[in-house]
Amino acid sequence: MIGKRKRRKAERKAMQTGLTIDRDIYKYECRKFKKMCGAAKSMYYNDKINQCVGDQKSLFKIANELLHKQRPVQLPSYKEPEEIANRFATYFEDKIKVIGATFGPVDSRNLTQPHKKDDRKTHMLDFETVNEKYLKKTILAGNSKSCSLDPIPTKLLKKHLEIILPTLLNIVNMSLSAGIFPSPLKKALVTPLLKKTSLDKEILKNYRPVSNLAFLGKLIEHVVVQQLTGHKTRNNLYAVYQSAYREGHSTETALLRIMNDILLLIDGKKCVMLVLLDLSAAFDTLEHSVLLSRLENENCVSGNVLAWMRSYLHNRTVSVITEGVQSRPTSLTVGLPQGSKVGPSEYLTYSSPIFDIAHKHQINIHMYADDTQLYLGFDSDNFNEAARKMEKCLEEIKEWMWLNHLKLNEDKTEYYSLEDQRH
């Protein structure tokens with residue numbers, strides 16, 4: 001940098017001569033260089049902030065970085081990194097086994113209903129191959145986060161994308177056409193993260209597993225999810241009031257809809273019963289056979305696409321990483337991979353029958369991923385009837401979840417009764 005060289009040159013001259021004028025020139029160059037650094041830093045963060053339009057997560061990450069609010073890594077006491085990594089691996093594995101032991105046997109044939117014959121709906125048998133232009137745009141638009149499983153950092157890959165792009169395109173299209181997800185990309189690395197800094201760091205249940213996957217695997221997933229989303233959108237296979245992982249749907253649209261409905265009911269002199277359902281490790285317990293059956297029978301997915309999904313779900317492994325040391329790998333026989341693109345998207349498919357149950361009992365429902373809100377308007381003198389209606393709906397949802405290997409966390413499920421408080 002020119003400014004840095006000028007400052008260094010002025011410093012050497014001031015030290016050699018000891019003259020006041022040379023010291024003043026050195027101070028001037030220091031102030032000038034400091035201003036240049038400040039301007040460069042401002043320009044850098046201004047560009048990063050402008051790139052975060054519509055991405056609040058990245059925006060808050062930058063704000064925390066500027067405010068030096070980086071969360072320190074906290075772990076329980078340990079002697080060797082490998083020891084604590086294996087302890088976490090055992091804990092996370094046992095947690096899912098304990099929850100799974102509370103469920104009944106699965107028979108996927110009884111858990112899905114064949115789709116009604118509708119000539120307007122199309123079946124998705126094969127993926128479309130993608131071209132270099134599409135793949136390049138997808139890579140450059142994505143974040144530059146890297147995983148230790150990646151052979152090179154994502155930033156370096158993007159910098160030399162013109163060289164690597166043909167190879168990436170070949171791998172992606174081969175995966176799509178063969179209906180196979182590459183086995184080397186089925187591994188995930190999990191970092192334990194303390195849920196709140198105020199919690200006891202010695203208790204393992206106070207940690208959540210944060211998963212990281214290889215860049216290439218997530219790239220293939222992104223292409224698959226885009227095509228599956230297009231298929232579901234064209235055939236109206238999404239539940240209307242599911243606001244997660246869909247374009248034009250967000251926490252804001254979910255909040256606006258629920259608040260609007262409740263306020264309208266209250267303005268109409270109605271009381272409102274609101275139940276907020278909470279699930280335990282929702283993405284980690286669902287059964288692969290049920291998801292595949294639901295994709296085939298309810299979402300018109302078959303052929304090569306279904307084969308790819310089956311390949312993607314089977315034979316996955318995960319290792320916990322602490323202090324750069326990995327634990328022994330554990331197999332994932334149930335659940336959707338955390339940190340993946342496919343996982344959140346297909347959870348919507350898996351949980352869609354909950355809407356049918358709510359509508360059957362004439363209960364309003366809105367979901368954002370696994371967060372479910374049930375609400376019902378009623379006259380003040382019909383509380384008992386409304387309560388019975390809500391209880392029947394909850395009983396059926398609970399039974400459906402038990403059959404489908406989803407655990408309702410009754411301790412964290414909340415109930416509210418709302419009415420007009422104006423006088």
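**Entry 1: Lys 95.** I located Lys 95 in helix H4, which spans residues 81-100. The model is predicted, and I read every value below as computed from it. I then checked the exposure of Lys 95 and found a relative accessible area of 35%. I record Lys 95 as partly exposed, because 35% falls between the limits of 20% for buried and 50% for exposed.

**Entry 2: surface charge.** I looked up the patch to which Lys 95 belongs. This surface patch is positive, and Lys 195, Lys 196, Lys 205, Arg 208 and Lys 412 form it together with Lys 95.

**Entry 3: aromatic pairs.** I examined one of them, Phe 88 with Tyr 207, and noted an edge-to-face arrangement, with 5.0 Å from centre to centre and 70° between the planes. Phe 88 belongs to helix H4 and Tyr 207 to strand E2 (residues 207-213), so the pair joins distant parts of the chain, 119 residues apart. I found both Phe 88 and Tyr 207 to be buried. I also followed the ring pairs onward: they link Phe 88 and Tyr 207 with Tyr 91 and Phe 92 into a cluster.

**Entry 4: Pro 76.** I turned to the loop between helix H3 (56-66) and H4, where Pro 76 is placed.

Methods: Residues are numbered from 1 along each chain as its sequence is written. This is a predicted model: local features need pLDDT of at least 70, side-chain atom pairs count only at pLDDT 80 or more; totals for chains, interfaces and linings use all residues. Side-chain values use heavy atoms; hydrogens and water are left out. Patches are made of residues with over 30% relative accessible area and no salt bridge: like charges are joined within 9 Å, nonpolar side chains (Val, Leu, Ile, Met, Phe, Trp, Tyr) within 5 Å. Accessible areas come from the Shrake-Rupley method with a 1.4 Å probe; for residues, only the protein chains shown count as cover. A salt bridge is a side-chain nitrogen of Lys or Arg within 4 Å of a carboxyl oxygen of Asp or Glu. Lys and Arg count as positive and Asp and Glu as negative; His and the chain ends are not counted. The place of a charge is taken as NZ of Lys, CZ of Arg, CG of Asp or CD of Glu. Helices (H or I, at least four residues) and strands (E, at least two) are DSSP runs, numbered from the N terminus. Buried means under 20% relative accessible area, exposed over 50%, partly exposed in between (1.4 Å probe, protein chains only). Rings of Phe, Tyr and Trp (its six-membered ring) pair if their centres lie within 6.5 Å; planes under 30 degrees apart count as stacked, over 60 as edge-to-face and the rest as tilted.
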